[in-house]
Amino acid sequence: MSRWTYDCSMTGPGTLAGRFLRRFWQPVTKIDDIGIGQTRPLRIMSEDFTLYRGASGKCFVIAPRCAHRGSQLSTGWVEGDDIRCRYHGWKFTGAGQCVEQPAERERQFCDKVKIAHYPTVDYKGLVFAYLGDGEPPVFPIFPELEGDGVLETISYRRNCNLTNVLDNQLDEAHFPFAHRRGSDGFGEMPTIRVKRTEYGVAGYCERAGSNPRVTEFMMPNILRLKMLSCNAVPIPGNGVAWRVPIDDASQYTFGINYYAVAKEDKLRIAEEQQRINNLPRPPWLELTEAVLAGKMTVEEVEANLGEHNPIQNVHFEDHVVMQAQGVVADRDREILGSSDLGIRAIRDLWNEALAAFAKDGTVNNEIIPPPTLVAGAPATALNIVSDPSSLQLA
Ligand code: FES
Ligand SMILES: [Fe+2]
């Protein structure tokens, strides 16, 4: 039976899984969530950083504290592409180099002072950072997000361990129940198959009477999927999502969605997307806690929401079932079945990768995403492809 054999649930500094995950580019914010000249404290994988956005528009990730006497740099001021500490005014570049020590009137020693900095890349509305040892790998470009269509970025938090979420990535059997959405029955149960791919595993799900659905998991924490937009007339699109631990009890999802729309429709659709994304956001995590505490049911929550982005219902329903497993699901007590093939496959991938990493530091982080298995196939409903013949099943 497949289990998490290494302690993948702990990703703090110095942990095996944490060192492994840090060897890949990880998204840390939507660029829209930090304005030019703004700073933020940032917590990723139980480690603190300073995030700021300089006058050039570029985001920088540097150490959380000032080298002088340890004040939190996110309380400081952005000057150009540099940041100045609020306590005694030491100034640092985005490369972590101290360049001013105003109170050292006799003799500044900036050249001897440097704090940690981390490479960043802006990619289609998300900011990625490389938080690991050594040189960063080549930044992965996802072909299904390329084009002249409409892009959107998403981010949300879920309060459970990363492994609860990794277990869910190819778990097609939860759809008829967790995402039942008030329907009378549960619908057809899916047939689930999986296949190893170059960088991960593809999950193939078939239900009688509907088209198959293909979802691709890529190591270590990436999901590629077909989706539909939330426009009045839904538009088929491609999504790539990253699951990034905040700490061992919570994680962010950052996603990029791309909709290939006709040029003449682009502005209208982009505006509609923006309106949907700017709708009030229900307090999903508080509502999740209320459900877990027995104060409300999922159905009661969903019946009483004002206008909001409806895709967030899916995330909320997933919050409930994954947080309901406990902060870290107890795998010693679980009983896996044949519908849990995707769960087994992802755990196997992780266990193999961490075993190699533990042995001699091997890490396959030079990812060049190949075309998706569903590239070019028009989706006719959420995540559904019309031609499964391109996928060879295990
Ligand atoms: S603590 Fe930052 S300048 Fe003194
Ligand atoms: Fe789900």
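Domain bounds here come from an automatic or database domain assignment. The structure is a predicted model, in which local features need pLDDT of at least 70, side-chain atom pairs count only at pLDDT 80 or more, and totals for chains, interfaces and linings use all residues. Residues are numbered from 1 along each chain as its sequence is written, and chains are lettered from A and ligands numbered from 1 in the order in which they are written.

**View 1. Domain 1 (27-129) and domain 2 (143-390) of the chain.** Their C-alpha centres lie 33 Å apart. Nine residues of domain 1 and 12 residues of domain 2 make the contact (C-beta atoms, placed from the backbone, within 7 Å). On the domain 1 side, strands S1 (26-30) and S2 (39-44) each supply at least two residues; strands are DSSP runs of E, at least two residues, and helices are runs of H or I, at least four, numbered from the N terminus.

**View 2. An open sheet of three strands, in the order S1-S11-S10.** The pairing is antiparallel; two strands pair if DSSP finds at least two bridges between them. S1 and S10 (120-123) are the edge strands, each pairing on one side only. Four bridges join S10 to S11 (residues 126-129), and Val121 has Phe128 of S11 as its bridge partner.

**View 3. Helix H8 (residues 341-360).** The expected span is 1.5 Å times one less than the number of residues, so the 20 residues of H8 should span 28 Å, and the end C-alpha atoms, 29 Å apart, agree with this. After H8 comes Gly361, with a positive phi near 80°.

Technical notes
Two residues are in contact if their C-beta atoms, placed from the backbone, lie within 7 Å.
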